[in-house]
Amino acid sequence: MGGYILKRLISAVPVLLGITIIVFLIMSLIPGDPATAILGSYATPENVEKINRDLGLDKPMVQRYFIWLGNMLQGDFGRSYSLNRPVINEVLERFNATLILAGTSFVLCSVMGVLAGVVSAARQYGLADKAITFTVLIGISVPSFFLGMMMILLFAVNLKWLPVSGMYAIYGGGDLPDLVSHLIMPALALSAVATGVIARLSRSAMLEVLRQDYIRTARAKGVPERRVVMGHALRAAMVSIIPVLGIQAGFVLSGSVYIEIVFQWPGVGRMLVDAILTRDLLLVQGGVVFVAACYVIFNIMVDVAQSLLDPRIKT
Amino acid sequence: MIAFLKLLFRNRLAAAGALVLTAIVLVVLLTPVLPLQNPDATATADRFQKPFSQGHLLGTDHLGRDLLSRLLHGTRLSLAVGVAAALIAATIGSAIGIVAGYFGGRIDNVIMRGVDMLMAFPYILLALAIVAALGPGLMNALIAVAAVNVPFFARNIRGVTVGLAGREFIDAARLAGMGHSRIILTELLPNVLPVIIIAMSTTVGWMILETAGLSFLGLGSQPPQADLGSMLGEARSALISHPHTSVVPGLMIFLIVMSINLLGDGVRDALDPRLKSGALSRPRATTLVDRKGDIPERTDDLLAIQELETEFRVGRRTYRAVGGVTLSVRPGECLGVIGESGSGKSVTALSVMGLVASPPGVIAGGAVRFQGEDLVGAPYETLRQKRGDRVAYIFQDPLSTLHPLYRVGRQLAEAIQSHHRISDRQARDRAIGLLRDVRIPNPESRIDNYPHEMSGGMRQRVGIAMALANEPDVIIADEPTTALDVTVQAQILSLLQDLRRDRGLAIIFITHDFGVVGQLCDRLAVMYAGRIVEEGPTDDVLESPAHPYTARLIACVPELGGGRRELAAIPGLPPVVDDLPPGCAFAPRCDKAQAACRQGVIPLEGQDTRAVRCLYPETDLSGKEVAR
């Protein structure tokens, strides 16, 4: 097992390098003179020169890449112009908030999605199945940002059950219940689409598995039906569900950008959008590389989970 | 194509999706000629008019602009951008995929590595990076969305191309001296095009949503021009005071995405032939029972199958897989059931414990009595307590009948613990003992194997051990040795023989192999088209078969050391059991058939244990040849 994890970690190195190359290439797409693009056309020559030196733009591209990479490996992602602080500090702080939001949503969509799929399959064509199928259809068609806005209208403005936005109350608060009450709406809005996708997939995976011979064997042994469905069938279905959970995690992370905007959540996504609008490119670059790297690591964890679940995968 | 559309629109949801989408597209195409107000004309005095107010059907936004007009123009823009992004992504992605798939080798390797890298990103990071570099704007958002979706097309199309590139017509084109570009354009592209179009139709809704999202963030279309996303983005600041400005564009996005989803699901279902037959139904925990007619009286046999009728109801057709079968076993007895594939022998066996997959299986008549108690229609819990405890099964092909993800020890222990409250430790010890009983070497270490780590013979023994776990009274073995080679087969048969002698186990042994039957079974029943056509003590039936079908079956078996002789295959195929002709089901294949054979019901008749369902049997049942 340890060997397998190590192998997967090593195989991630070229992917991580690839990510830095891609981000680097995209950033060199900036039309015209990057220094002017960043500072605007009224920049003083000193500032232009300073930027060029900071970004290493006076050196050849390959050299620039390696300098940038070397700095990042030492934890130096550059300095944010608009915030006037090291990029890495800002990103780490914001990523924490994103992790709370996206992590909660991921857990929600995994649990709700798989459960809905299992119930739907176990009660195929029944009332529960029809209700779930209908809800799922709505869920995967509503844009998360629109859903978030409608939730604010209903639960925060009309019913006044939950706070409108933010991560903590401005006065007082700051404790866990405060965080949870702020987290409920954005986490639900963010998980809606993924829940639908996972529920659909879990339903069909369960239906596929329930027709297998080994399910008949389990029944022939006299295993109680609840255990047949929640044990034998679900275990086998998880083999095809888990990779999709990994993919959906990427979509949850993506969707968090919109949700962070709608709910004023102080996360990386909102930071990136603000950085783009203020042309703070080093912040964009650092944020993108950092989050992408985290996602790659997360996917390795998914692979490891998969190999724990399925003994047929050679470890 | 027409058949496909018919199939598609039979799906009511898909038809509704198509209808809504067509309506939206039509309205949007007509927008420039409709009598609408200027979408960008501001009138701050009229700001935030409610829907249905004078002159503004949907009201006005924060600058007093007509929402209906903005909505239609916005939808037009959103759809156009989404479709354009889809076209660009499809073109570039497919080109990359075709090149990678066609040339293969190192080119393929390098390209696909790059595609994998791009797919390692959560899509929005890539899109944000591109927009950051190019600057906000609708055109740049379009480029970003298209770029993000290129890898998806590249990977899909490459897969299809790799399959096609190895086919003969590509080789032929190459031999005919065509250049690479000509082969790609004239031979490959036409074959890949349908896949590209399907991939596009499934992603276009997604791309509309993504561009709307970027605009919502303020990174796409810039004021005063508005697509649906930026309308929603601008309305957000007035969400609480004037919700209608948000609801209008939001609902439109929802409608578009929903109708595209419905249509896409319909297309997928119409293309997936598995769904047409309804084969993806979940089998219930017990077979459905829908008994007509009387329930037969109880007997004192250990297990008695009485006039059992099991059907498969698929759509309007009914396949009578088992048409009134009566069988019984006493303790220590072995009954062989023999017949060709599709004769109904497995369905008979599975009906005993209600294990016939249902839907479509239905037990339509008769009874199954274990120690006199009728199990057909018994409550689930009664049946479950008997399953594996009193009546156990051994199935064919243990690779698919053992759970691939559980260790065999756990599967064995579970068989015991489903019926007895014992500790995991005790169950494990018992499982090791069982593996030893079926002569698996090193049971202490084998118990922690997964099924795929064992050989076929070994797995079959595990299957047998599982059936023995609770020392059942009856074992139903459904072709347990068919998948094994002869030496293993012989070992397993002798194992079953010993168990029968030592434990007084009754066995129903289902097979199509006369050799196996001769070794193991006391009595024999021959099945054809869901009915028993002959039964009797094994030796009698084998030495002097009475039914022409039995005789022909035995004649098909090559005899070892018997010298060369004519092996008489039976002409024709067994009948399909949804529309059986009256009379003898074997008549169409029988060379002795006469007019009387094709009329009325022919009963199973005989004395004592010997019986045959034939008007002109080969022997009278005392074993003498019938003189003709």
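How many residues of chain B are in contact with chain A, and how many of chain A with chain B? Here is a tour of this predicted model, in which local features need pLDDT of at least 70, side-chain atom pairs count only at pLDDT 80 or more, and totals for chains, interfaces and linings use all residues. Residues are numbered from 1 along each chain as its sequence is written, while chains are lettered from A and ligands numbered from 1 in the order in which they are written.

**View 1. Where chain B meets chain A.** The answer is 62 residues of chain B against 61 residues of chain A; "in contact" is used for C-beta atoms, placed from the backbone, within 7 Å. Several helices of chain B supply at least two residues each to this side, among them helix 4 (105-119), helix 8 (180-216) and helix 10 (244-271). Helix 5 of chain B gives the most, with 10 residues. Helices here are DSSP runs of H or I with at least four residues, strands are runs of E with at least two, and both are numbered from the N terminus. By class, this side of chain B has 42 nonpolar, 14 polar and six charged residues (nonpolar: Ala, Val, Leu, Ile, Met, Phe, Trp, Tyr, Cys and Pro; charged: Asp, Glu, Lys and Arg; polar: the others, Gly among them).

**View 2. Ala127(B) and its surroundings.** Ala127(B), Leu128(B) and Ala129(B) touch the most other members of the largest nonpolar core, which has 260 residues. Such a core is a set of buried Ala, Val, Leu, Ile, Met, Phe, Trp, Tyr and Cys residues joined through C-beta atoms within 7 Å, and buried means 20 or more other C-beta atoms within 10 Å of a residue's own. Beyond its neighbours within four places in sequence, Ala127(B) contacts Ala144(B), Val145(B), Val148(B) and Leu214(B).

**View 3. The open sheet of chain B.** Seven strands line up in the order 7-8-9-4-10-11-12, with mixed pairing; to pair, two strands need at least two DSSP bridges between them. Strand 7 (391-394) and strand 12 (611-612) of chain B sit at the edges with a single partner strand each, so one side of each has no neighbour in the sheet.

**View 4. Strands 8 and 9 of chain B, side by side.** Strand 8 (residues 474-478) and strand 9 (residues 506-511) of chain B run parallel, joined by five bridges. Look for Ile476(B), which stands opposite Ile508(B) in strand 9 of chain B.

Terms used
Buried ≥ 20, exposed ≤ 12 C-beta atoms within 10 Å, placed from the backbone. Contact = placed C-beta atoms within 7 Å.
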